[in-house]
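Please open the model in a viewer and have the selection tool ready.

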Amino acid sequence: MKKILVIGANGQIGTELTTALVKLHGAKQVVASDIQALGRHQELAYEKLDVTDAKHLAEVVQQHDIGEIYHLAAALSAKGEEHPEWAWNLNMTGLLNVLEVARQAKLSKVFWPSSIAAFGPSTPRDNAPQVGPMDPKTVYGISKLAGEHWCTWYAEKYGMDIRSLRYPGLISYSAEPGGGTTDYAIQALFSAAEGSGFTSFLGEESTLPMMYMPDAVRATIELMSAPKENLKTAGSYNLAAWSFSPRELVAIIQQRVPTFQAAYKPDFRQAIADAWPRSIDDASARQDWAWRPAYSLSEMVDDMLAHLVGRKQVSQEKQVA
């Protein structure tokens, strides 16, 4: 069996997806890579890799006998607006390098994540459809929409098996926020676990689609495991769990942490959020590969706080020792 290469294994998605792939396939079958010198998964083979370096990427694929790539390295929405040329180069050059190396090496599958950022003001705000108007207004969103078309082009022209999900905002305790517009939710939960106050960079009524990372990881593996003939949707599948606003999240947290206080000070990310849908129609994913989220919103909050508070206690005990 050829091995799996995870590009961006130290990131928010990559940290948990790599762990899940190891549980499924074994540590010897997974190779982690990221631009940092050291990996998060000590039991794995690790490569320091800049995905914009096509030559090094091809060498890694050959050296480790790679059969599948999960390409997760990307500049996110907020950081992309601050550094647009860097974001475009990382997102587009990186993807094209992966697709071209996969074509030349005849890899069996490639996974690449799209995002709700590929939608825009012309997309219906409620139940954004699988196929409909898409006019993204951020560098990140433009790169995601262009990436969807590149993946479709390579699949149609070369017969490659390339699979993709339009992730909503993702919430995780395993890695710090990476510069996304939905990261306020992670920051709120981290603050609540630490016993500190929180200032949201989005307005209190800014409703956006969100998902807990364990569900996103499971959706990714289920999509990659589905028989190709079952996948009727070209390009990237809509994916959804639940939608909420900062005010609604704060209210749920306060039921668990009554002393938690929040303030609202919208910044440039508010305009980004206002261009995105409030909810997503993921009927195609549900029909084609039986996608269903497992966590409710309340269950997510409980699980996040339990992990974050537990991690804080372990850290305090180490400091005392």
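Select helices H6 and H8 and look along the point where they pass: H6 crosses H8 in a right-handed manner, a crossing being right-handed if the near helix is turned clockwise from the far one by less than a right angle, and left-handed if anticlockwise. H6 covers residues 184–194 and H8 residues 246–256; their axes come within 11 Å and cross at roughly 20 degrees. H6 is therefore roughly parallel to H8, the term for angles under 35 degrees, while over 145 is roughly antiparallel, 65 to 115 roughly perpendicular and the rest oblique. Axes are lines fitted to C-alpha atoms, for helices over the stretch in contact, with angles from 0 to 180 degrees between N-to-C directions. Helices (H or I, at least four residues) and strands (E, at least two) are DSSP runs numbered from the N terminus.

This is a predicted model, in which local features need pLDDT of at least 70 and side-chain atom pairs count only at pLDDT 80 or more, whereas totals for chains, interfaces and linings use all residues. Residues are numbered from 1 along each chain as its sequence is written, and side-chain values use heavy atoms, without hydrogens and water.

Next, display the side chains between the two helices. Tyr184, Ala185, Ala188, Leu189 and Ala192 of H6 meet Pro246, Leu249 and Ile253 of H8, contact meaning heavy atoms within 4.5 Å. This contact has 8 nonpolar, no polar and no charged residues; Ala, Val, Leu, Ile, Met, Phe, Trp, Tyr, Cys and Pro count as nonpolar, Asp, Glu, Lys and Arg as charged, and the others, Gly among them, as polar.

Now move to H4 (residues 84–105) and H5 (residues 139–158), whose axes come within 10 Å and cross at roughly 15 degrees. H4 is therefore roughly parallel to H5. Among the residues in contact are Trp88 and Leu95 of H4 and Trp150 and Tyr154 of H5. By class, the contact of H4 with H5 has 15 nonpolar, 3 polar and 2 charged residues.

Ala54, Leu57, Ala58 and Val61 of H2 touch Asn97, Val98, Val101 and Ala105 of H4.

Finally, colour the chain by domain. An automatic or database assignment gives domain 1 (3–168) and domain 2 (171–208 + 241–320). Their centres, taken over C-alpha atoms, are 23 Å apart, and 26 residues of domain 1 are in contact with 24 residues of domain 2.
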